[in-house]
Amino acid sequence: MDVRHFLTASRIIIVAGKGGTGKSALSGALALAAARTGLRTRLIDLDGPTTSVPTHENLVRETVSPGRALSDYLDSRGLGFVSRRLASSGIVELVASTAPGIDDLLVLGKVKSIAHSSDVDLVVVDGPASGHALDMLRAPTQLKRAVPGGPIGHQADEVITLLGDSSRCRTMIVTTPAVTPVHEAVAAMNELAHDFGVALAPVVVNMTDETPPPLADPSTLAPHLHTAWQWASTRAAAQAAAVAELDAATDLPMVVLRRHRLDGDDLVAALTDDLVASIEALPETEPG
């Protein structure tokens with residue numbers, strides 16, 4: 001698959017995954033890969049930047065908070081004086097979180113607005129950590145059920161439509177090659193797709209380890225090397241089994257990335273190279 005085609009299949013990619021899956025580094029790698037293809041890319045942090053990303057002329061990074069989203073929403077409705085009063089009193093973030101799910105709806109609405117900008121080709125969202133990412137994606141539907149009318153109901157309708165339209169927005173679930181994270185990823189994808197109508201991107205399996213080379217007679221190794229080889233072989237077999245289980249549980253394409261013992265810019269740069277190679281290995285047409 002052509003990398004640019006993959007990245008322009010939707011205007012927004014929301015990256016979601018539990019802590020420890022490398023979600024933030026992957027978000028940075030997606031954004032950097034897009035920027036390198038010439039796409040004007042916006043990387044949105046919802047919890048504030050947690051990893052550094054190499055700079056690129058086509059890449060802009062910003063943090064979106066519920067308070068900022070509320071202020072921008074009020075400004076767009078001609079209520080700038082209200083947002084200024086809230087900001088001056090220091091309670092704008094508090095007001096933006098007065099009811100469960102309101103903060104998530106505001107943030108998703110702001111992401112939608114950013115994607116509509118004429119100077120943006122792709123928005124990559126580094127979703128909130130752990131289970132909050134799923135709560136954020138559930139929020140519009142749950143709020144719509146609770147408040148079917150008025151500004152909240154209207155905004156919920158718009159965001160629900162956005163999340164379900166794969167040409168506008170896809171959610172990318174990130175997991176690691178272990179049984180428990182794979183089970184959690186499968187459950188999350190099933191819930192998001194079937195219960196909430198969220199359009200999904202290929203699933204990412206991050207931090208896979210290389211399989212050690214086969215040996216004709218491992219017993220000829222020194223004891224400590226033999227122990228290390230056995231341990232690495234057992235780990236690789238367990239990871240392969242977890243990936244196979246994921247593959248059997250979903251018809252989504254998989255992007256499998258290696259573990260890199262790096263951090264910061266070096267990690268994101270290495271992940272970007274792996275990501276591009278993995279995308280190029282995908283079939284030209286993703287299953288619908």
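**Before you start**

This is a predicted model, in which local features need pLDDT of at least 70 and side-chain atom pairs count only at pLDDT 80 or more, while totals for chains, interfaces and linings use all residues. Residues are numbered from 1 along each chain as its sequence is written, and side-chain values use heavy atoms, with hydrogens and water left out.

**Stop 1: the sheet**

Switch to cartoon and look for an open sheet of seven strands with parallel pairing, in the order β3-β2-β4-β1-β5-β6-β7. Helices (H or I, at least four residues) and strands (E, at least two) are DSSP runs, numbered from the N terminus. Two strands pair if DSSP finds at least two bridges between them. β3 and β7 (254-258) stand at the edges with a single partner strand each, so one side of each has no neighbour in the sheet. From one strand to the next, the twist averages 20 degrees.

Axes here are lines fitted to C-alpha atoms, for helices over the stretch in contact, and angles run from 0 to 180 degrees between N-to-C directions. Contact means heavy atoms within 4.5 Å.

**Stop 2: strand β5**

Select residues 169-175. Is this strand enclosed or open to the outside? Seven of the seven residues of β5 are buried, so the strand is largely enclosed by the rest of the structure. Buried means under 20% relative accessible area, exposed over 50%, and partly exposed in between (1.4 Å probe, protein chains only).

Show the side chains next. In a regular strand the side chains alternate between the two faces of the sheet. In β5, Cys169, Thr171, Ile173 and Thr175 point one way, and Arg170, Met172 and Val174 point the other.

Then bring in the neighbours of β5. Strand β1 (residues 12-16) pairs with β5 in the parallel sense over five bridges; Ile12 stands opposite Cys169, and the bridge partner of Ile13 is Arg170. Strand β6 (residues 203-208) also runs parallel to β5, joined by two bridges, and Thr175 stands opposite Val205 there.

**Stop 3: helix α7**

Select residues 132-146. This helix has 15 residues and reaches 20 Å from its first C-alpha to its last, close to the 21 Å expected at 1.5 Å a residue; the expected span is 1.5 Å times one less than the number of residues.

Where does α7 kink? Zoom in on Ala139: a kink of about 40 degrees lies there, shortly before the proline Pro140. The bend at a residue is the angle between axes fitted to the seven residues ending there and the seven starting there.

Colour the buried residues of α7, among them Leu134, Met136, Leu137, Ala139, Pro140 and Leu143. The buried residues of α7 pack against β1, α6 (102-115), α8 (150-164), β5 and α9 (179-195).

**Stop 4: Ser27**

Jump to helix α2 (residues 23-36), where you will find Ser27. Ser27 counts as buried because its relative accessibility is 0%. Not counting residues up to four places away in sequence, Ser27 touches Val15, Leu43, Val124, Val125 and Asp126.

**Stop 5: salt bridges**

How many salt bridges does the structure hold? There are 16, each a side-chain nitrogen of Lys or Arg within 4 Å of a carboxyl oxygen of Asp or Glu.

- Asp273 and Arg36, with closest N and O atoms 3.5 Å apart. This pair links distant parts of the chain, with Asp273 in helix α11 (residues 264-280) and Arg36 in helix α2, 237 residues apart.
- Arg42 and Asp119, at 3.8 Å from N to O. Arg42 lies in strand β2 (residues 41-45) and Asp119 in the loop between α6 and β4 (122-126), so the pair ties together parts 77 residues apart in sequence.
- Asp45 and Arg61, with closest N and O atoms 2.7 Å apart. Asp45 lies in strand β2 and Arg61 in strand β3 (residues 59-63), so the pair ties together parts 16 residues apart in sequence. At 1% relative accessibility, Asp45 is buried, whereas Arg61, at 30%, is partly exposed.
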